[in-house]
Amino acid sequence: MSWQRPDNRTAAQLRPVSFERHFTRYAPGSVLVKFGHTHVLCTASVAEEVPPFLQNTGQGWLTAEYRMLPGATQQRQPREMLKLSGRTAEIQRLIGRSLRAALDFRKLGSRTITVDADVLQADGGTRTAAITGGYVALHDAITWLYKQGALDPAQGSPLRQQVAALSVGIVQGEVLVDLCYEEDSQAEVDMNIVMNEQGSFIEIQGTAEAGCFSHPQLLQMLEMAQAGIQELLQAQRQALNLER
């Protein structure tokens with residue numbers, strides 16, 4: 001491999017991944033997810049209301065918000081207050097779309113789950129960590145709803161599939177998974193992939209930052225990302241005590 005990874009990982013090796021559930025006291029679902037030095041706090045809150053376009057439909061909704069704390073990077077980032085940057089808005093839309101794929105909204109009922117992803121420390125892959133950790137927080141929020149008697153077990157769970165996400169890219173001609181910031185900043189190609197437990201794609205975001213990429217390289221990136229996401233899905237199950 002021409003590119004020497006900063007942490008000496010192999011091309012297909014993930015950073016150490018961990019989930020610390022029930023990280024905060026009040027949110028029905030909360031988890032501190034770590035992808036190496038990227039740390040994201042994901043919380044899932046429940047409101048007994050829905051957006052106007054869903055009123056009187058019996059269906060629920062999920063939305064997401066994403067923020068990076070000022071001290072999450074080497075240089076302080078100003079807080080985004082009244083106006084979101086294009087990057088922040090795009091990332092939180094991605095998180096929302098990805099996690100909505102995990103839910104059956106009719107079974108959720110007329111309520112809204114908000115998943116907040118707050119980046120405490122950023123070293124690349126914050127959006128994929130937010131999606132992967134956000135699913136764990138969402139799972140715990142659904143469990144909380146059952147404990148509150150708000151959901152009927154006889155109707156089946158609103159959770160219909162697991163969701164996880166991973167970054168993949170090309171650095172100096174090499175395909176690498178789970179890029180840290182140093183690698184991401186040098187990448188010729190950057191891609192974020194979201195998948196479910198059946199191995200189906202939910203979203204693929206891929207951009208050639210410099211030059212272009214070939215069809216064989218695209219297939220290699222998809223295959224390596226798929227293998228890495230399977231590891232993440234297993235890590236989610238272990239964290240949730242749902243090992244198979």
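This is a predicted model: local features need pLDDT of at least 70, side-chain atom pairs count only at pLDDT 80 or more; totals for chains, interfaces and linings use all residues.
View 1. Residues are numbered from 1 along each chain as its sequence is written, and side-chain values use heavy atoms, with hydrogens and water left out. E183 forms a salt bridge (a side-chain nitrogen of Lys or Arg within 4 Å of a carboxyl oxygen of Asp or Glu) with R5, the closest N and O atoms being 2.7 Å apart. Because E183 lies in helix α4 (residues 181-186) and R5 in the segment before β1 (17-21), the pair ties together parts that are 178 residues apart in sequence; helices (H or I, at least four residues) and strands (E, at least two) are DSSP runs, numbered from the N terminus. R5 is also buried, at 1% relative accessibility.

**View 2. The network around Arg5 and Glu183.** Salt bridges link R5, D7, R9 and E183 in a network, and the structure holds eight salt bridges.

**View 3. Asp178 and Arg15.** The side chains of D178 and R15 form a salt bridge, 2.9 Å from N to O. D178 lies in the loop between β7 (174-177) and α4 and R15 in the segment before β1, so this pair ties together parts that are 163 residues apart in sequence. D178 is buried at 0% relative accessibility, and R15 is buried at 3%.

Key. Buried means under 20% relative accessible area, exposed over 50%, partly exposed in between (1.4 Å probe, protein chains only).
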